[in-house]
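Q: I would like to learn how to read the features of a model like this one. Please take them one by one, giving the general idea and then the case at hand.

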Amino acid sequence: MNERNTVAVKIYGQEYNISGEMPREYIMKVSDYVDSKMREIGEGYTGSATAVAVLAAVNISDEYFKREADIEALTEKNAQMVSETQRYSMLWDEAKENLARYKEEMAGNRQQQEENIRTIAEKNDRLQAMSEHVNELMGHNDVLRARVEELTNQLNSVQAAPMEAEKTINDLEAKCRDIESSFFDIQMENIHLKNEVEELRRRLG
């Protein structure tokens, strides 16, 4: 049980002994407040001290109820703020969960992007290798094309050779026929000359 304190105070010129369980400082603070209220009302008022005390009590009660209403309003506001705080806390927790999930998704997407980048790089390397191989094959193809053209020309030459040889043979055969004809003519002329020579010999003999 709390110890009761008895404090001698002076209110509106009157001394009173007030007892209570509250601390001495608190009792003196309350007494000073009542005294100030009574002195505030008593200025310019000609009524009795009792009337001043009643008016002071009314004013203090008015302040009490107003502050009680303020406290109630503040309590409701505080309850509303607590409710909103809880709601915001839930939203905050939900936002953190969404953020964590988003980070996980981003990490997964980043991993997928890195995998896609590696795949693209590998495909680019393969494409580059294939391009180099194609260029190499094209180089070989040019060499082969040149060789084919060379062989084609040789084949054409070989194919043309019999024709040229046949033409040469025909020309030679024609020349042989001409020579044979000329030889025959020479022989005939030689025979004719021999006949003439013999005829001359007979005449001279």
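This is a predicted model: local features need pLDDT of at least 70, side-chain atom pairs count only at pLDDT 80 or more; totals for chains, interfaces and linings use all residues.

A: Val 30 lies in helix α1. Residues are numbered from 1 along each chain as its sequence is written, and side-chain values use heavy atoms, with hydrogens and water left out.

Q: Which residues form a nonpolar patch on the surface?

A: A patch is made of residues with over 30% relative accessible area and no salt bridge; nonpolar side chains (Val, Leu, Ile, Met, Phe, Trp, Tyr) are joined within 5 Å, like charges within 9 Å. Here the nonpolar patch is formed by Met 22, Tyr 26 and Val 30, and together they have about 270 Å² of accessible area. Such areas come from the Shrake-Rupley method with a 1.4 Å probe, and for residues only the protein chains shown count as cover.

Q: How many helices and strands are there in the chain, and what pattern does the chain follow along the sequence?

A: The chain has two helices and two strands. Along the sequence the order is β-β-α-α. Of the 205 residues, 6% are buried. The accessible surface of the chain is about 17900 Å², and carbon and sulfur atoms account for 56% of it.

Q: What is Asn 17 in contact with, leaving aside its neighbours within four places in sequence?

A: Contact means heavy atoms within 4.5 Å. Asn 17 lies in strand β2, which covers residues 14-20. With neighbours within four places set aside, Asn 17 touches Thr 6, Val 7 and Ala 8. The C-alpha atoms of Asn 17 and Val 7 are 5.5 Å apart, although the two residues are 10 positions apart along the chain. Asn 17 has a relative accessible area of 62%, so it is exposed. For the chain, among contacts with a separation of 6 or more, 20% link residues 24 or more positions apart.

Q: How many salt bridges does the structure hold?

A: Side chains of opposite charge can pair when their charged atoms come close. The cut-off puts a side-chain nitrogen of Lys or Arg within 4 Å of a carboxyl oxygen of Asp or Glu. The structure holds eight such salt bridges. One of them joins Glu 40 and Lys 37, at 3.9 Å from N to O. These two residues are three apart in helix α1 (residues 24-42), so about one helical turn separates them. Glu 40 is exposed at 53% relative accessible area, whereas Lys 37 is buried at 13%. Leaving aside neighbours within four places in sequence, Lys 37 is in contact with Ala 56, Ile 60 and Glu 63.

Q: Where do Arg 202 and Glu 199 lie?

A: Both are in helix α2, three residues apart, about one turn of the helix. Arg 202 is exposed at 54% relative accessible area; Glu 199, at 29%, counts as partly exposed. Elsewhere, salt bridges that share partners connect Lys 37, Glu 40 and Glu 63 in one network.

Q: What separates Arg 118 and Glu 115?

A: They are three residues apart in helix α2 (residues 49-204), so the separation is about one helical turn. Arg 118 is partly exposed at 42%, and Glu 115 is partly exposed at 37%.

Q: Why is the pair of Tyr 64 and Phe 65 classed as it is?

A: Rings of Phe, Tyr and Trp (its six-membered ring) pair if their centres lie within 6.5 Å; planes under 30 degrees apart are stacked, over 60 edge-to-face, and the rest tilted. The structure holds one aromatic pair. The ring centres of Tyr 64 and Phe 65 are 5.3 Å apart and the planes are at 70°, so the pair is edge-to-face. Tyr 64 is partly exposed at 48% relative accessibility, and Phe 65 is exposed at 53%.

Q: What does the charged end of Arg 87 sit over?

A: A charge sits over a ring if NZ of Lys or CZ of Arg is within 6 Å of the ring centre and within 35 degrees of the ring normal. The charged end of Arg 87 sits over the ring of Tyr 88, at 4.8 Å from the ring centre.

Technical notes
Buried means under 20% relative accessible area, exposed over 50%, partly exposed in between (1.4 Å probe, protein chains only). Helices (H or I, at least four residues) and strands (E, at least two) are DSSP runs, numbered from the N terminus.
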